[in-house]
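Keep the selection panel at hand. The stops follow below.

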Amino acid sequence: MGGNDWKVSGRLQLAGNTQTVSFLLKILTEGESISLSGSADVKLTDFKVDPPTAVFGTIKTGDEMTINIKMKLNPIN
C-alpha cells in the first residue's frame with residue numbers, strides 16, 4: 001500500500017449482529033476536500049444471516065457480498 005492507501009476497521013451491524021470489518025481505503029485530497037473510497041468483502045453467515053433464495057430455494061445467491069464506500073469530506077467554514 002502507498003501513502004494514500006489505508007487499512008481501516010470499524011464495526012458493521014447486519015440483522016442485529018455486529019462484527020469488526022476491515023476496509024481498504026484510498027484517500028485523495030482535492031483542494032480543501034478529502035475523498036475516501038474503498039470496499040470490504042463480508043460473508044452473510046458471519047452475521048448469522050442465511051444467504052437469500054428465491055423460487056422455493058431453487059435459486060440461491062452466494063454467501064459473500066461486497067460493501068463499497070465513497071465519501072467526500074468538506075471543511076466547515
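Select S2 (residues 17-30) and S3 (residues 33-43). They run antiparallel, and seven bridges join them. Strands here are DSSP runs of E, at least two residues long; helices would be H or I runs of at least four, and both are numbered from the N terminus. Two strands pair if DSSP finds at least two bridges between them. Now pick Leu24 in this pair: its bridge partner in S3 is Ser39.

A note on the model before moving on. This is a predicted model, in which local features need pLDDT of at least 70 and side-chain atom pairs count only at pLDDT 80 or more, while totals for chains, interfaces and linings use all residues. Residues are numbered from 1 along each chain as its sequence is written, and side-chain values use heavy atoms, with hydrogens and water left out.

Val8 has Phe23 as its bridge partner in S2. Step to the hairpin of S1 and S2, with two residues between the strands: Ala15 there takes a positive phi near 50°.

Now show the whole sheet. It is open, has four strands in the order S1-S2-S3-S6, and pairs antiparallel. S1 and S6 (64-73) are the edge strands, each pairing on one side only. Neighbouring strands are turned by 25° against each other on average, direction ignored. The axes behind that angle are lines fitted to C-alpha atoms (for helices, over the stretch in contact), and angles run from 0 to 180 degrees between N-to-C directions.

Center on Val21: beyond four places in sequence, its contacts (heavy atoms within 4.5 Å) include Val8, Leu12, Ala40 and Phe47.

Last stop: Ser35, in S3. Is Ser35 buried or exposed? Ser35 counts as buried, because its relative accessibility is 14%; the cut-offs are under 20% for buried and over 50% for exposed, with partly exposed in between (1.4 Å probe, protein chains only). Its contacts beyond four places in sequence include Lys26, Glu30 and Met71. Leu73 lies 38 residues away in sequence, yet 6.2 Å away C-alpha to C-alpha.
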